[in-house]
Amino acid sequence: MLAQLPASPGVYLFRDESEGVIYAGKAKNLKKRVRQYFQRKVEGRTAMLVSAIHSVETILTDTEKEALLLERTMIRRFRPRFNVDFKDDKSYPYFRLTVQEDFPRLEITRKLKKDGSLYFGPFTDVGSARKTLDYLHRAFPLRRCSGKEPGGRGPKGRPCLDYQIGKCPGPCCGHISHEVYKESIHKLVPFLRGKGAKVLSEFESRMKILSAELRFEEAALLRDRIAAIKTVLEEQKAVGDPNDDIDVIGYAASKDLSVLECLYIRSGLIMGRCEKVLTGKFRAQEAVEAFLSSHYRQKESVPPSIFYPVELEFRPAYEEYLSEYAGRAVKMRQPTRGKGLRLVNLANENAHAGLRAARVRYRDYRALSDEIAKALKLSKPPETIECLDISHTSGRQSYGSVVTWRAGSLDREAYRLFSIKEAEPGDDYGAIAEVIKRRYTGTLAAQLPVPDLLLLDGGKGQLSRAVEIVKSLGIEGLELASISKARSAGKSGQASNRDDIYLPGRANPKKLPVYSKAFQTLQQLRDEAHRFALTGHRRKRGKDDLLSLLDGIKGIGPARRRVLMTHFRSMNEIRNASMNELAALNGFNKAVAINVKNALNNDH
């Protein structure tokens, strides 16, 4: 079979006995690359892969770039268990400055649009990004209201609370001219582009002039803005030249964990970083290539230069692909001396620091996983636990939520909310069966692997129904348990607040020590599933209430109803809107606006 492989570029798929794809790879020469797996001594993860291979499939491509893109497609489609999987394909937050508006806003967004706005980022920690945004608003006072025009959705001409407490200059009510407002924008843009020291120097010089002119109140305001600027600058480290826009990749690996670190350097400053933790030891080349294939999901996030620590066989193909994707030249290189090598060494140092921290977290996670397995009599320590909860109100729509615990922490990217379509409201057993079927069969089962443990929010009856449906669907490797509030009375005759754990094949609930980490983790998972289900339920219920109030208003059909629901966030906002504001909406006129106002005021 190996002798018949073509010596051409392409993609190879390794399949196991069940014909499932367990590894997808690319090669310049398929024959040479695939034979390496079977003709050389392999160890560790590669040895496990080779022992599981039952058949090989190859797909020829005309170019190396086509092989790169096809490999990425195959990995996303099959999610092979032996491939590097960062399990994090979310979009990162950016700062968005709406310079195309008369009074621009600075906000956080995950969607980059071609609307004339300026984008700065990315940021991997949205909490830190929000904190930085708050300091930037202090240093460069801008409006915080949403919408293209100042005032947002509030009454026109009436300043908001932000203005009253000194956090907005008040463009909506004419308290600041367009020219003065633009001065803040002209200072903010170079600051976000890495010229913060220059902006700070200008502010300090201006403060001294104001003090000399005895304009102490203005000087005090500028002093507070300077303090905010210094706070932001303290979190940025200068590592390069002012014109350097580079992503620098570092890598560190141990026997059971690997860490890839990417430093975002913009205008010579470290503006952020991205850390990816992998379970298992991978070749540095394999991890870096997987990162390059999956990380850059928005063309604005691709920098002009990318530095990496190891030689990449497919470097020309990655350069060509990223340059076409970004619409400009992207250069990639492995530095061997000078500033480039110093930056890569810095990224490697950060990767090793991340690896040490990850090993501590991994050790704690393994101990907790072992404790859960022992407490619930599981066949193996769970790496992934999902918890299912059903939320409903009497006679109304039901929802099922599934939240995920993976390797010791919540994986919010894997959360799913299901609108119950088949079971009747109040039928928890039917809803549980429906959610299990939809989650663990079909396309969603291909996207998300089956967890080691499914925890249900419920008692013995809910667990028994889940066991039946899992068995009938033939879902393998999924163990079950449930958690519910205890119904037995304590010694004082009052109901116990202690939760019960139910296990398949056991008549009585299992009591776990209240202060054990295993018990607390299961409780937290149940509470998180309950919170997530209620959040979705309340959001949908509010939307249904809004729809019901809009139904029957003369002139309001599906199209105009969508316009109202997009422009306003609640029924109160529609009620408080002026007649002119309603009439100015897309597809509206004065007659329709009068109908809406009359109908809602009568209902209220």
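Residues are numbered from 1 along each chain as its sequence is written, and side-chain values use heavy atoms, with hydrogens and water left out.

The pLDDT is the predictor's confidence in each residue, from 0 to 100. For the protein chain it averages 83, and 88% of the residues score at least 70. Over residues 488-495, however, the pLDDT is below 50, and this stretch has six contacts in the model beyond near neighbours in sequence; a contact means heavy atoms within 4.5 Å. Where pLDDT is low, the predicted coordinates should not be read in detail.

Strands are DSSP runs (E, at least two residues), numbered from the N terminus, and two strands pair if DSSP finds at least two bridges between them. Three strands form an open, antiparallel sheet in the order 2-1-3. Strand 2 (21-27) and strand 3 (55-60) each have a single partner strand, so one side of each is left without a neighbour in the sheet. From one strand to the next, the twist averages 20°, an angle between N-to-C directions of axes fitted to C-alpha atoms, on a scale from 0 to 180 degrees. Strand 1 (residues 10-15) is joined to strand 3 by six bridges, and Y12 stands opposite T58 in strand 3.

A hairpin is formed by strand 9 and strand 10, with two residues between them. Strand 9 (residues 257-266) and strand 10 (residues 269-279) run antiparallel and are joined by 10 bridges. L257 has T279 in strand 10 as its bridge partner, while S267 in the turn has a positive phi of about 55°.

Methods
Predicted model: local features only at pLDDT ≥ 70, side-chain atom pairs only at ≥ 80, totals over all residues. Helix = DSSP H or I, 4+ residues; strand = E, 2+ residues; numbered from the N terminus.
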